[in-house]
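The account below is meant for someone meeting the structure for the first time.

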Amino acid sequence: MRRETKKKAGAGVLEVFRETGRFLKTAFGSLISIEFATVLLPLLALWELAPRLGWVPRTLVPPVSRVALTLWDLFAHQGFIGHIGISLGRFALGLGVALATALPLGVLMGWNVFFRKHSLPLFQLLAPVPPPAWVPITIVVLGVGLPMQTYLIFLGAFYPILFNTYQGVKDTDPRYLASARVFGASEWTLVRHVYIPHALGSVVMGIKIGIAMGLVMLIIAEMHGGRAGLGYLLLESKEYFQIDRMVACMVVLGAIGWFLIEVMKYVEAKLALWRVGR
Amino acid sequence: MATAVLTAVVAVGCGRQNHGHPKSGPVRLGYVGGPHAAAVYVAEEQASRGEQAPAFAGVPFNASGDIGYALIAGEIDAGFIETTKAAALLRSVNGLVAVGAVTFPYGATLVLRKDLDLRLDGLAGRTVAVAGRRCRLLHQFLADTERHGVDPAAITLVPMPFDHMIPALEARKADAILTRGGHALLAVAQNHKILYQNWDVTGDDDCCPKTLAQVELVLVTRAKGVGARRVKALVAALEAGSAAPANILRAAVSVRTRISLSVLEPFPVASFTALTPEQQTELGSAGTVEEEDDHDCGHEGCNHKH
Amino acid sequence: MIEARNITRFFSVVNDDRTADGVTAVLSVSLGIPDGKFVSLVGPTGCGKSTFLEILAGLQAPTEGDVWIDGRRVLEPLPASRKEMDAYRRKYRFLSPIANSLFRDSPKHDIAMIFQDYAVFPWMTALQNVAFTLKLRGVPRRQREDLARRYLARVGLAGSETKYPAQLSGGMRQRLAIARALSVEPKIILMDEPFAAVDAQTREKLQEELMDLWGGTGRTVVLVTHDIDEAVYLSDEIVVFSPQPGTIRNRIPVDVPRPRRRDDPELSALRERILAIYRQDAEHLADWSI
């Protein structure tokens, strides 16, 4: 019995590795291609040459090599990993809260008209306020610190996830509902087995948009009174005229955003298998 | 094809770099409004009254960080930038020169957050922002207030640069700040209270080197493209403005910033001086402003300033 | 026993140019279907037979009339007066009337339904689809998989348990729908043009398979179809609907013993008879429309 579970665990770990391998292949596959190289390499060369040849002022646009060196220096000597970890931790917290609230709310609103009529107008009124406009009020109410940053990231990610989930659940094909109901499905079973699987495509898209907005709000939140994290580094580099450091932060931020979206795209591809068929 | 488009965009972008700054006429001077701009206000008043021809055109900004970038981009010819940031700017960008400074007496002040109502002995358990644990300000403060019952062990000290102190106060990260004179005035202008003040402290430590202790803002300008003559005129105008009697300076600040005179009265006024070579080295400013040829005067004619 | 009393279904439709039209899909249909019989509802397109079937299943509420299955009413009719309308709205403001209970899976009646476009869940494999309906009927977990496999084998999908419906052909998907419906062993099976979307050969094969599966089980089947050949081949009784608004035109019993041959002259005669009814209805359309 124990050997069986051990074997299963071993097989499970192997499967995880294989999945990761597949994921990395799809993620980097589109980047590492000859076609993209023909565009990327000239751009990198241009970036390197333009400051050196004086086409753009050296101090405002550092050449690629300088940025690479700064990146290396940041990682090796200045605890960049720590800052990245802090930023990612905050982001995960805010995104987690957004997922935990927006997903159930969206499902609830899409499933039941009574609930929708009572709650949707409120969200439709609040959603158009651009999240950066919430910053002053949030600082007054929550101070400056982790609650404020979590709240701002939550705000950024909440509305896209909510509305996309709601839309996806609402648009469930009534034929599936009818066929399940005829066989006696309760509403709860319908939600679990019909509404949610049918809406998964929209939900994943909502999460992707939520991640993008959440990252934006992460940077904005960290710029206001943070003492660590990528946003704070970005602001400090700007205040002290260290443009190469700023660009290094931008590169890392772009990489993080790209990676998160790739993960979501992979999840989406896995879920869509039943749609397309091999 | 895409590369060609990008090159065109970049070229146009840099073409904007040295766009029409007139080589004659008033120097475009960027400043952040507030009590430290006293010399600017009075100089502008004097120019408008016809006592002097305008040597500069003031361009107000919201944050001194933007002044640095505007200077680099050529949108202004000179600007007042905070000391530490000016030092960073002069280090990383070539072609800039520091020519003057707004000074304010150093002094040590403990400013309490406006919503708190404490006395010195009530500071136990509170958070106080300091510039450094070995700062002379801190030592002076502790020495002066020992007999009032201030227990250094009971206070939480949070080190942070002077520039971050007032935002920390506003954001409630610190209950009180131990700051220098110039910043104390700004804090009081935002309705915080003073618990302790001592003007006899001079900076002479790692927190604040002696030469720069009293320098609040540095006047930075470009080495090329402005003209030594015009810069001299600018400095002279600001010095003249700064030489006005204290009550005139305070009145000008009060009118422009809407801070009431009763708040400004207890404090000294900011004054403007040219920088000593010692100070310039300390800041890392090398070189001088280049002379501009008379030939380069625009078709509007030259402003001859002597 | 299914008893439909005086079923009327009326829709009001708002056109693009803001005028309103009334559509009477089903008009005053009364039908009693005894247990164990195979009944076909035929009629020209748009005569309301699908709507009638949905009313039988409890997926639509009739404007007037009741459906009683084994003595229990299926759905109350839509309210007529304003006061009744307000009371109806209040009663169903949280959950729609066609919904089952909130948390417990319990079919209101022992019905299974097969839809025209299969309506099998594409996010579940074939096996999971059948197991799902079994779960809804309360079959314990251990038995579910075996039962599902057995029924899939009976409809000929033995090797396709782990395939998703997207990977199955149209005919296989329809077989899956049949397996799903039969696996719960219901008393009544309702079918809404189940073989309309497959080609002729597959259709004939599926019809024969359906006969094999149904024969001798004592289940009631109500089949809606526009294919008269199918109706005469499969059913014990054919109910002919008139064109819109749908009323019952005729009820024709089919007394040919099973197994039937498709080229049986009796069946052909019946076919001709029904076609004649159609033709007459088409010519005298004006007499029927309201």
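Chain B is assigned two domains, domain 1 (22–104 + 214–296) and domain 2 (108–210), where the domain bounds come from an automatic or database domain assignment. This is a predicted model, in which local features need pLDDT of at least 70 and side-chain atom pairs count only at pLDDT 80 or more, while totals for chains, interfaces and linings use all residues. Residues are numbered from 1 along each chain as its sequence is written, and chains are lettered from A and ligands numbered from 1 in the order in which they are written.

Taken over C-alpha atoms, the centres of domain 1 of chain B and domain 2 of chain B are separated by 28 Å. Their contact takes 12 residues from domain 1 of chain B and 9 residues from domain 2 of chain B, two residues being in contact if their C-beta atoms, placed from the backbone, lie within 7 Å. On the side of domain 1 of chain B that touches domain 2 of chain B there are 6 nonpolar, 3 polar and 3 charged residues; here Ala, Val, Leu, Ile, Met, Phe, Trp, Tyr, Cys and Pro count as nonpolar, Asp, Glu, Lys and Arg as charged, and the others, Gly among them, as polar.

One residue of chain B can be followed in detail. B:Ala70 belongs to helix 3 (residues 64–73) of chain B, with helices (H or I, at least four residues) and strands (E, at least two) taken as DSSP runs and numbered from the N terminus. When its neighbours within four places in sequence are left aside, B:Ala70 is in contact with B:Gly30, B:Glu75, B:Ile76 and B:Gly79. B:Gly30 is 40 residues away from B:Ala70 along the chain, and the C-alpha atoms of the two are 8.4 Å apart.

Chain A has 12 helices and 0 strands, and its C-alpha trace spans about 75 × 55 × 45 Å along its principal axes. Of its 278 residues, 33% count as buried, and among the contacts in chain A with a separation of 6 or more, 72% are between residues 24 or more positions apart. Chain A is divided into domain 1 (2–32) and domain 2 (66–276), whose C-alpha centres lie 26 Å apart.

Two helix pairs of chain A show how its helices are arranged. The axes of helix 4 (residues 80–111) of chain A and helix 7 (residues 146–170) of chain A come within 6 Å and cross at roughly 30 degrees; axes are lines fitted to C-alpha atoms, for helices over the stretch in contact, and angles run from 0 to 180 degrees between N-to-C directions. Helix 4 of chain A and helix 7 of chain A are therefore roughly parallel to each other, since angles under 35 degrees count as roughly parallel, over 145 as roughly antiparallel, 65 to 115 as roughly perpendicular and the rest as oblique. Helix 4 of chain A passes helix 7 of chain A in a right-handed crossing, and a crossing is left-handed if the near helix is turned anticlockwise from the far one by less than a right angle, and right-handed if clockwise. The residues of this contact comprise 21 nonpolar, 7 polar and 2 charged.

In the other pair, the axes of helix 10 (residues 230–239) of chain A and helix 11 (residues 243–271) of chain A come within 8 Å and cross at roughly 155 degrees, so the two helices are roughly antiparallel. Helix 10 of chain A passes helix 11 of chain A in a left-handed crossing. Residues of this contact include A:Leu230 and A:Leu233 of helix 10 of chain A, and A:Met246 and A:Cys249 of helix 11 of chain A.

Turning to chain C, 10 of the 11 residues of helix 3 of chain C are buried, so this helix is largely enclosed by the rest of the structure. Its buried residues pack against helix 9 (187–223) of chain A, together with helix 4 (141–154) and helix 5 (170–183) of chain C. Just after helix 3 of chain C, C:Gly138 takes a positive phi of about 85 degrees.

Notes:
A residue is buried if 20 or more other C-beta atoms lie within 10 Å of its own, exposed if 12 or fewer, and partly exposed in between; C-beta atoms are placed from the backbone.
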